[in-house]
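Look at the structure first, then read on.

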Amino acid sequence: MLLSVAPMMDWTDRHCRVFHRLMSRRALLYTEMVTAPAIIHGDRARLLDYDAVEHPVALQLGGSDPAELREAVRAAADWGYDEINLNVGCPSDRVQSGCFGAVLMKSPELVAECVAEMMAVSPVEITVKCRIGVDEQEPAEILPAFLDTMRRTGVRRIAIHARKAWLQGLSPRENRNVPPLDYPLVHAMKPAFPDLELSVNGGIDSLDEVRAHLRVMDGVMVGRAAYHQPWDMLGSADRLWGDTPAFGSALEVAEAMRPYIDAHLRRGGRLHQVTRHMLGLFHGQPGARGWRRTLSEGASKGGLEVYDSALAQVSRIAA
């Protein structure tokens, strides 16, 4: 059984992952997508460094050149990620122009070549995240064919976003909402490919939905709900494995983040870099508006005193 938090551009950075890890010891966390050329030519420490407390944590790569992906995986191996994932699902304009992401659903043999090169040099498992199809493709035909190609390459774990991606006519934001979800199709892939570990992704907004999907699938990947309502999605997530949650309330999580934030500020970081991921911590709870307002208005310029003021907004009510 696997619960994971999806890789989300501009969101699942190292600060977000530390925050999410506090709430769940078990969930698999993903980095933002990092392109293979960026790792090859860029600042690897900035792109790949993370806190040891984040484990288990997976690196997601973007790319379509087998040789580049091989080199990127070899370089990233020194960082000790628990998994390396190939993005075959992101529909952004930036990804399309680089001929990777969801557009690769049209080139499964190229994906297979990329994965084979990655596997050849990776000390950890190589996995794939995909869509059910793109543009005019027929998902009921494309998805099983794609999974079969991945299986023949040696991939054993795949996360499937249960929406088609429309690369022409829809923005990346619309691609996360407009194409209809097809859970039945994704569920049908499990008996068709019993030897693969398949996770479903897309539109899953509660732990009850997670449990329902886990009756069919090997895993569930949650995205925006985990980001916008982190306590609701992750605060009790470890109960899925029969474990006692690390914290009993969202307030305890906020208080536990204070030492990490203090250390970040002492290193010259900014409060906003951490707290922007925490605005939804008290979603639906008394004091949530004051918490959000205090951090939204003050975190870009203030320090720990702003965080303590935000904590006071919810502490007084909890008391």
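This is a predicted model. Start with helix α4 (residues 66-76) and helix α6 (residues 108-121), which pack at an angle of about 30 degrees. Their axes are 8 Å apart. Angles under 35 degrees count as roughly parallel, so α4 is roughly parallel to α6. The crossing of the two helices is right-handed.

Which residues of α4 and α6 make the contact? From α4 come Pro66, Leu69, Arg70, Val73 and Arg74. From α6 come Leu110, Glu113, Cys114, Glu117, Met118, Ala120 and Val121. By class, this contact has eight nonpolar, no polar and four charged residues.

Now turn to helix α1 (residues 14-23) and helix α13 (residues 250-266), which pack at an angle of about 150 degrees with axes 10 Å apart. That makes α1 roughly antiparallel to α13. Their crossing is right-handed. On the α1 side, the contact uses Arg14, His15, Val18, Phe19, Leu22 and Met23. On the α13 side, it uses Val253, Ala256, Met257, Tyr260 and His264. Eight of these residues are nonpolar, two are polar and one is charged.

| Helix pair | Angle | Axes apart |
|---|---|---|
| α4 and α6 | about 30 degrees | 8 Å |
| α1 and α13 | about 150 degrees | 10 Å |

Next, the core. The largest nonpolar core has 105 residues. Those with the most contacts inside it are Leu147, Ile158, Val210, Leu281, Trp291 and Tyr307. Helix α13 gives the most to this core, with seven residues.

What does Val210 touch, not counting residues up to four places away in sequence? Its partners are Leu3, Ile204, Val220, Val222, Met233 and Leu240.

Methods
Residues numbered from 1 in each chain as written. Predicted model: local features only at pLDDT ≥ 70, side-chain atom pairs only at ≥ 80, totals over all residues. Heavy atoms only, no water. Axes fitted to C-alpha atoms, helices over the stretch in contact; angles between N-to-C directions. Helix = DSSP H or I, 4+ residues; strand = E, 2+ residues; numbered from the N terminus. Parallel < 35°, antiparallel > 145°, perpendicular 65-115°, else oblique. Left-handed = near helix turned anticlockwise from the far one by under 90°. Contact = heavy atoms within 4.5 Å. Nonpolar A, V, L, I, M, F, W, Y, C, P; charged D, E, K, R; others polar. Core = buried A, V, L, I, M, F, W, Y, C linked by side-chain atoms within 4.5 Å. Buried < 20%, exposed > 50% of the residue type's maximum accessible area, 1.4 Å probe, protein only.
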